[in-house]
Amino acid sequence: MEKLIREMPKAELHMHIEGSLEPELMFKLAPRNGIALPFNSVEEVRKSYEFTDLQSFLDIYYQGVRVLLKEQDFYDLTRAYLEKAHSQNVRHTEMFFDPQAHIDRGLAFDTVINGIHRAQVDAESQLGITSKLIMCFLRDLSASAAMETLNQALPFKDWIVAVGLDSAEIGNPPEKFTAVFDKAREHGFLTVAHAGEEGPPEYIWQALDQLKVSRIDHGVRCVEDKKLVERLAKEQIPLTVCPLSNVKLHVFDSMEHHPLKRMLDLGLCATVNSDDPAYFEGYITENFLAVQKALNLDHNDIVSLVRNSFQASFLSHQEVQKLLDELDDYLERRELQH
Ligand code: ADE
Ligand code: ZN
């Protein structure tokens, strides 16, 4: 099972590029940009990553992004993630970025997106990994700030496939952003939203009905609402689940209590993702390994999760089929070896 998880071609659909900032890169960028860190070593940084809930994580995450100032910093960050993902046999990834976390520190929108985009182009031509970019609005900021961010993104809309919603969920329901998402869809963006991570199932309903999302990010609290589960299963709305994140942020008190297996058994289109891999001790492979072991997922569960990730991606039907064929080829070769 471990070999299967490591080797199989896969896609990642829920990963915040700022959450892939490893302490090693933080220590490289801070002196380069003349920024003092409140830590003496990489080990000290890692030790500080003890979270009690989403907000306690976000406080540290927004601290971390302060070392990102120049276009090259965003290039280095994105390049490092894409190399890591490639090394784990990720064929395609759809990455979130949080422009407001940078613009509010005085950076220009194009500094951020130019660096990320250049790394995407280079990684695709040099490594063969494809990627798309999803722009998230910080939901704890105002709807008008989100609208302003959307306007700033319009000149770059060919580089951004979708808009999303992240940051502190409770008290910031999806419906707060209905007008922003309406406008985004008018401009051709697809939509996704974090919902049902810490927030109630009601926020998932709102994301579907008000924001017309193509996928729900996390969505794990859907299991509390039978009618919602029925709808998600019937419409095969993808849920981008992040097991290590959920345990580190105490959404569930242990991996053994994670509902992923139950979600698959209920017919939901779940996928496995890393969320903020530098903060939650693992990239996509470590997430698969941890959840497989804790929930005793079988071969079919693992293969379903990967098939779901291809089918739930924003790739064309043709591109999806190519990845499904590659997976089938891999599984066939594996069979022959046994
Ligand atoms: N920003 C980065 N990671 C996040 C998460 N898991 N939930 C909400 N906002 C985030
Ligand atoms: Zn997330």
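The model is predicted. Ligand 1 sits in the largest cavity, and helix H4 gives the largest share of the shell around it. Histidine 92 belongs to strand S2.

**Shell around ligand 1**

- The residues around ligand 1 are His16, Leu54, Phe57, Leu58, Tyr61, Asp166, Ser167, His194, Glu197, His218, Asp275 and Asp276.

**Polar atoms and cover of ligand 1**

- Histidine 16 has a side-chain N or O atom 3.3 Å from a nitrogen atom of ligand 1.
- For aspartate 275, a polar side-chain atom lies 2.6 Å from a nitrogen atom of ligand 1.
- In the side chain of aspartate 276, an N or O atom is 2.7 Å from a nitrogen atom of ligand 1.
- Ligand 1 taken alone exposes 260 Å², and the protein buries 100% of that area.

**Histidine 92**

- Strand S2, where histidine 92 lies, covers residues 90-97.
- Histidine 92 has a relative accessible area of 1%, under the 20% cut-off, and therefore counts as buried.
- The side chain of histidine 92 makes a polar contact with the side chain of glutamate 94, at 2.7 Å.
- A polar contact also joins the side chains of histidine 92 and threonine 130, at 2.7 Å.

Conventions:
Residues numbered from 1 in each chain as written. Chains lettered and ligands numbered in written order. Predicted model: local features only at pLDDT ≥ 70, side-chain atom pairs only at ≥ 80, totals over all residues. Heavy atoms only, no water. Near = heavy atom within 4 Å. Polar contact = N/O pair within 3.5 Å; in protein donor to acceptor, adjacent residues only side chain to side chain. Areas by Shrake-Rupley, 256 points an atom, 1.4 Å probe, with all protein chains shown as cover. 1 Å grid on protein atoms, 1.4 Å probe; cavity = no way out; pocket = protein on both sides within 12 Å on 5 of 7 lines; lining within 4 Å. Sits in = over half its atoms within 2 Å of the grid points. Helix = DSSP H or I, 4+ residues; strand = E, 2+ residues; numbered from the N terminus. Buried < 20%, exposed > 50% of the residue type's maximum accessible area, 1.4 Å probe, protein only.
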